[in-house]
There are 2 protein chains.
Amino acid sequence: MTDASRRDILTHGIIGASLAAAPSLTLAQSGDMAKLRKAVDAGNDAAIKRIQEWISLPSIAAENRDMLKGAQYMAALAKDAGFQKAEIVPTKGHPAVFATLDAGAKRTMGIYFMYDVKQFDPAEWSSPPLEARIVDKPGWGKAIVGRGAINQKGPEATFLATLHAFRAAGVKLPVNLVLLAEGEEEIGSPNFSDAATRPDVLAALKRCEGIIIPAAWQDKQGNVDVNLGSKGIIELELIASGAKWKRGPAKDLHSSYKAMVDSPSWRLVQALQTLVTPDGNTPAIDGWFENVRPLSAREKALIAENAKRSNEADMKTSMGVPVWIDDLPFQQALERLASQPTVNIEGLVAGYTGPGGKTVLPARAVAKIDCRLVPNQTRAEATRKLRAHLDKRGFTDIEVNVSGGYDPTETAEDSRVIRAELATYKKAGLTATLNPRLAGSWPGAVFTAPPVSLPAGHFGLGHGSGAHAPDEYYVIESTNPKVASLPQATMGFADFLYQIAAIS
Amino acid sequence: MTDASRRDILTHGIIGASLAAAPSLTLAQSGDMAKLRKAVDAGNDAAIKRIQEWISLPSIAAENRDMLKGAQYMAALAKDAGFQKAEIVPTKGHPAVFATLDAGAKRTMGIYFMYDVKQFDPAEWSSPPLEARIVDKPGWGKAIVGRGAINQKGPEATFLATLHAFRAAGVKLPVNLVLLAEGEEEIGSPNFSDAATRPDVLAALKRCEGIIIPAAWQDKQGNVDVNLGSKGIIELELIASGAKWKRGPAKDLHSSYKAMVDSPSWRLVQALQTLVTPDGNTPAIDGWFENVRPLSAREKALIAENAKRSNEADMKTSMGVPVWIDDLPFQQALERLASQPTVNIEGLVAGYTGPGGKTVLPARAVAKIDCRLVPNQTRAEATRKLRAHLDKRGFTDIEVNVSGGYDPTETAEDSRVIRAELATYKKAGLTATLNPRLAGSWPGAVFTAPPVSLPAGHFGLGHGSGAHAPDEYYVIESTNPKVASLPQATMGFADFLYQIAAIS
């Protein structure tokens with residue numbers, strides 16, 4: 001997932017103005033806007049059906065499930081929504097999809113989609129994950145429940161509904177569009193950069209003002225975050241094994257032999273504990289902070305503002321966390337969240353993992369690790385430094401299997417994309433929080449880094465949650481006046497495109 | 001399991017004399033022996049069926065599966081085999097079974113049974129684990145495959161077959177018998193000591209020369225081990241959690257929050273690494289070696305002899321281990337195996353354990369640990385010292401959940417039980433290796449420690465393997481002339497009982 005859907009946790013105390021009180025999301029002539037709204041309403045049933053049908057075809061890169069089919073479906077969706085060209089872009093992995101819509105406009109906007117979804121276990125769901133059943137979510141309203149509902153087919157299909165509405169209403173799009181969709185987001189976008197830098201794709205992207213991924217992360221107060229960047233990440237496995245170590249057993253052994261046989265599990269523990277400070281909170285990998293850029297005065301000011309506007313107690317409760325690291329006050333904790341690289345243990349696996357015990361000496365022990373990176377760290381640098389750190393301490397046998405990752409991203413506050421987002425939210429009467437850096441990570445670095453070098457971020461009204469979890473959902477008919485229903489979210493994208501076209 | 005079935009790995013280089021070449025396992029009058037042998041042969045089909053039917057009723061303490069039924073079945077088996085009294089002994093957990101057979105003999109022998117078996121997953125088996133199908137095991141012969149086949153129903157039912165043969169042949173048993181069977185061996189015998197020390201049970205046990213559990217661990221050369229003791233063990237989970245720590249998350253959290261939230265997984269790693277030396281090979285828990293008794297000159301001499309007679313290369317190959325700890329020569333490695341206490345990681349479990357990664361900050365991390373204990377360490381002492389060690393380092397929040405364990409055992413080389421075992425094996429033409437201490441562990445401490453204070457060990461001919469694993473088996477018709485078939489193993493117990501009766 002884009003890993004940014006944490007907005008629902010960062011609940012703020014401020015009550016935003018009600019959407020219902022500001023129904024006209026418009027910069028265009030009221031005539032066009034009225035026509036669009038009419039078309040959106042008329043197309044709402046079709047838009048819902050579009051989301052449901054897309055959910056019924058899950059493309060799962062990790063399982064190599066329906067990938068080409070998913071790419072073909074994505075291309076067809078784009079064509080259907082008015083893109084004149086939609087082409088499958090082969091990669092070394094699963095294909096991307098590249099589409100363009102020339103509206104004869106002055107400006108061009110980039111759109112990033114992912115057509116893949118996370119794995120799922122139907123047994124954990126309260127309705128079949130591919131059925132996309134419409135259920136009542138108390139406090140939110142009617143929602144589509146299904147894999148990919150919020151991450152990311154629901155919001156993406158909503159953007160497509162906007163394009164359908166323009167066509168149905170006979171209203172000219174205010175900007176041209178370049179769409180790049182990938183099918184490997186959930187496995188860390190290993191080949192997406194290749195697709196984005198194919199000469200013709202790159203040339204098209206270079207014409208864009210910026211690029212957004214459609215999102216729908218309004219909280220219960222209707223608030224949204226506008227992120228000026230995101231942390232990078234490397235995800236990896238550290239593996240200690242008898243096979244590589246040439247000590248210890250090649251296969252699990254009876255534990256009584258520990259007295260004469262070395263243990264890969266202890267080897268892993270010893271290597272792990274060198275990676276962080278004794279409190280587990282600061283990376284201790286050699287040279288890790290060399291390129292870390294401290295927060296700027298502006299970033300600190302934004303965090304101070306956010307700290308004041310956020311409800312620390314609510315956040316602690318919803319996260320199930322009694323105290324922040326070092327018992328920091330809220331503002332410093334938020335500064336730490338935005339500014340500090342991390343080395344996190346996602347999982348530990350060795351030997352017997354079931355209930356009770358089993359007397360084995362495991363041949364292999366694995367730590368699943370993610371390292372969050374901040375500007376100006378890079379994924380390549382982090383990977384290299386981790387390897388060097390282990391080697392220097394004699395852990396040359398410990399495998400470092402990097403499965404994916406992204407560089408950090410940064411998008412200027414004064415870019416047209418950010419200003420258009422803020423203007424759109426403001427028109428809708430919503431409180432948008434400027435967040436200097438999302439602590440999560442997403443493939444935006446493909447766009448923000450050279451050679452593409454575009455502003456990139458998330459945009460959208462509406463609400464959904466449960467990315468990667470059972471009962472993932474996307475609200476289509478909101479009972480909360482501060483949160484957009486599907487038609488309002490659809491209009492939100494229209495207004496955003498007008499903002500992009502009109503902003504100075 | 002009694003954890004001692006490692007004999008099949010410790011292959012020795014010596015070729016024992018063939019069983020076929022020494023068919024008359026006898027001290028008794030040849031007339032009685034001939035009658036017994038005839039009865040054994042006549043009862044062989046019934047004996048096989050007895051094993052199969054017992055396997056078809058799996059009592060699994062960890063799953064609370066058929067425990068009372070299993071105890072009742074055990075009592076019925078004892079009665080059926082000639083025990084005049086067989087009684088279910090309630091405990092705080094699952095019941096034990098206590099049975100006595102008064103043969104009017106001078107001496108009394110104790111027999112320990114377990115009626116429970118280890119959990120199993122039928123999907124991993126090549127024939128249904130409760131069907132007890134007879135299959136051909138290349139290199140061994142016809143074997144019963146099923147859960148409990150070797151651990152321990154097969155050998156136990158073979159002992160019962162011996163008693164049936166005495167009765168069928170009209171031959172008087174040379175010793176009286178006291179049988180104590182438990183149903184919680186596979187969960188660490190938490191209540192067995194209570195059963196063994198119930199006044200009437202204790203009184204009966206006190207009359208015994210010693211106590212054996214039937215076993216069948218001949219290797220391909222026909223060799224067997226006679227163990228003069230075994231290591232003790234504590235099995236436990238070390239658990240770090242946000243809930244107990246009052247830091248970190250109470251439930252798994254998105255990993256981006258690591259920058260402001262403490263990690264129970266790192267907490268566990270830090271605690272773990274204090275428990276052993278940096279090479280992972282020597283316990284570093286405060287005071288751990290205080291009561292450790294070094295090997296005696298006799299024990300060292302036995303190990304030196306065993307090292308000479310064993311094939312180090314074969315042992316390394318079958319264990320999949322290229323080198324011993326510290327690149328020790330074989331004899332020192334075997335000394336380490338017998339003499340050193342260990343702290344072993346059986347398993348590690350935290351957060352996401354599936355394929356690939358998942359960006360979570362786990363709320364809980366668990367290390368499954370077993371600590372092997374040597375004389376004169378005790379389970380109680382080890383548990384106490386581990387807790388104190390963690391507390392002293394500030395890890396008061398880390399839970400130590402001891403799930404089971406045994407004290408070390410020691411049985412004197414000059415006890416009647418050991419001498420009778422050696423004599424029986426010698427008569428059978430087998431090479432018995434005197435092993436000063438089994439590195440594995442079994443509930444024998446219940447018998448060797450006060451107040452029971454009996455010599456205790458394993459005895460039996462025959463072969464089986466795969467305890468706790470899929471396709472566990474017990475050979476009933478051996479194609480290897482050095483390894484006993486079921487009738488020979490049945491006669492082996494008869495001979496052993498005569499040895500006990502006759503030995504000075």
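**Notes on the chain pairing and the sheets**

1. Five bridges link strand S12 (residues 342–351) of chain A with S12(B), and the two strands run antiparallel. Strands here are DSSP E runs of at least two residues, helices are H or I runs of at least four, and both are numbered from the N terminus. Two strands count as paired if DSSP finds at least two bridges between them. Look for Val349(A), whose bridge partner in S12(B) is Val349(B).

2. A word on the basis: this is a predicted model, in which local features need pLDDT of at least 70 and side-chain atom pairs count only at pLDDT 80 or more, while totals for chains, interfaces and linings use all residues. Residues are numbered from 1 along each chain as its sequence is written, and chains are lettered from A and ligands numbered from 1 in the order in which they are written.

3. On to the interface: 68 residues of chain B are in contact with 68 residues of chain A (contact means that C-beta atoms, placed from the backbone, lie within 7 Å). The elements of chain B that give two or more residues to this side are S11 (253–254), H8 (264–272), H11 (330–339), S12 (342–351), S13 (360–361) and S14 (364–373). S12(B) gives the most, with nine residues.

4. What is the make-up of the side of chain B that touches chain A: how many residues are nonpolar, polar and charged? They divide into 31 nonpolar, 21 polar and 16 charged. Ala, Val, Leu, Ile, Met, Phe, Trp, Tyr, Cys and Pro count as nonpolar, Asp, Glu, Lys and Arg as charged, and the others, including Gly, as polar.

5. In chain B, do have a look at the hairpin formed by S4(B) and S5(B), with three residues between the strands. Five bridges join S4 (133–137) to S5 (141–145) of chain B in the antiparallel sense, and Arg133(B) stands opposite Val145(B). In the turn, Gly139(B) has a positive phi of about 90°.

6. Chain A has an open, mixed sheet of six strands in the order S1-S2-S6-S3-S7-S18. Its edge strands, each pairing on one side only, are S1 (85–89) and S18 (456–459) of chain A. S7 (208–214) of chain A pairs with S18(A) in the parallel sense over four bridges, with Pro214(A) partnered by Phe459(A).

7. Finally, helix H13 (residues 416–427) of chain A lies across S7 and S18 of chain A, at about 50° to S7(A). Axes are lines fitted to C-alpha atoms, for helices over the stretch in contact, and angles run from 0 to 180 degrees between N-to-C directions.

Methods
Contact = placed C-beta atoms within 7 Å.
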